[in-house]
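Dear colleague,

My notes on it follow directly after.

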Amino acid sequence: RVERHAEELRGMYRAICASPALTELVTISEYSAAGIRSRTGTARPVHVLFAPEKDRAAPEAFAVPGLDPSAEHFALVLNAGREEKNAASVVAAFERLFSDRSFAAANPRLKIVLTGIQGLDDVGVAKPAHRGRFITMPHLPAPRLEWLLVRARFLAYPSFNEGFGYPPLEAMTHGTPSLIGDNTSVPEVCGDAAVSCDPFDIESVVAGIREILDSPPSSASLRTQLTATAVRQRADMRALADLVCGRGSSAASPREALRTALRTRAA
């Protein structure tokens, strides 16, 4: 059933990309552009304009059952119920680490908070050996998610698939580093201001967790990358507006408007 639905989607997008009504194809990351080319077979240029900045809620403190924020710290996993977020690998990696006596002794108060699930059964882990280290929560309103991002030791985000990847950027605004997958769009957004791992390799996830706990990206690197990404987002939003409105060239065609906007951004 899933494969049949996937093929229907591929057919729909092939037809869209082949439509003579289109003048330009635009997407939000090089990773997404590569997926469009490979999945649809289109020979058309695919222009990359970063997804825009988002409005953000103010953090709202709340009580997390099983966590004493004054004495304990935690790694955060968002949307754990979505398979592509790879929460199962994060749990498996921490299970290995907590079974290592030296790691457990060095991190006696470290816990893992997973949102978007009712229990670890939801990610396929029925009987964790270190159940007390894991805290699961249902979907939360945006202000509470922001508070978790503020308080987290790091965001664990080794996704299998991401078209852009807002959460590591959102964590970055609070000075919180992220562990990210090295195979999606997220490295485009985070640059060197994150720790990368292979999300398909548990040992790589384990090594990434050790690295981000022992030697996280500096606050300065987070600020620098956040500024650079925000500059790109704003320029790309202007480029998209020019494209849609036909601005940016004497001919006022969408194609020339986009080319002019991209040249301006590059300059």
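Ser32 belongs to helix 2 (residues 30-40); helices (H or I, at least four residues) and strands (E, at least two) are DSSP runs, numbered from the N terminus. The model is a predicted one, in which local features need pLDDT of at least 70 and side-chain atom pairs count only at pLDDT 80 or more, while totals for chains, interfaces and linings use all residues. Residues are numbered from 1 along each chain as its sequence is written, and side-chain values use heavy atoms, with hydrogens and water left out.

With a relative accessibility of 16%, Ser32 counts as buried (buried means under 20% relative accessible area, exposed over 50%, and partly exposed in between, with a 1.4 Å probe and protein chains only). Apart from neighbours within four places in sequence, Ser32 is in contact with Thr27 and Gly163, where contact means heavy atoms within 4.5 Å. A polar atom of the Ser32 side chain lies 3.1 Å from the backbone oxygen of Gly163. Ser185 is 153 residues from Ser32 in sequence, yet the two C-alpha atoms are 7.2 Å apart in space.

Turning to charged residues, the structure contains 13 salt bridges. A salt bridge here is a side-chain nitrogen of Lys or Arg within 4 Å of a carboxyl oxygen of Asp or Glu. One of them joins Arg56 to Glu146, with 2.5 Å between the closest N and O atoms. This pair links distant parts of the chain, 90 residues apart: Arg56 is in the loop between strand 2 (46-48) and strand 3 (73-77), and Glu146 is in helix 5 (residues 142-151). Arg56 is partly exposed at 33% relative accessibility, whereas Glu146 is buried at 7%.

Lys85 and Glu162 form another salt bridge, their closest N and O atoms being 2.5 Å apart. Lys85 lies in the loop between strand 3 and helix 3 (87-98) and Glu162 in the loop between strand 6 (154-157) and helix 6 (166-173), so this pair ties together parts that are 77 residues apart in sequence. Both Lys85 and Glu162 are buried.

Glu84 and Arg82 also meet in a salt bridge, at 2.6 Å from N to O. Glu84 is partly exposed, with a relative accessible area of 26%, and Arg82 is partly exposed as well, at 43%.

Which side chain of opposite charge is nearest to Glu95? It is Arg133, 8.2 Å away, and Glu95 is buried yet has no salt bridge; in this count Lys and Arg are positive and Asp and Glu negative, with His and the chain ends not counted. Glu95 is placed in helix 3. Its side chain reaches the backbone nitrogen of Ala129 at 2.6 Å. Leaving aside neighbours within four places in sequence, the contacts of Glu95 are Pro128, Ala129, His130 and Phe134.

Finally, six of the six residues of strand 4 (residues 110-115) are buried. Leu110, Ile112 and Leu114 lie on one side, and Lys111, Val113 and Thr115 on the other. Strand 4 runs parallel to strand 3, to which five bridges join it; two strands pair if DSSP finds at least two bridges between them. Leu76 stands opposite Val113 of strand 4. Strand 4 also pairs in the parallel sense with strand 5 (residues 134-137), over four bridges, and there Phe134 is the bridge partner of Ile112.

With kind regards

Definitions and conventions: Polar contact = N/O pair within 3.5 Å; in protein donor to acceptor, adjacent residues only side chain to side chain.
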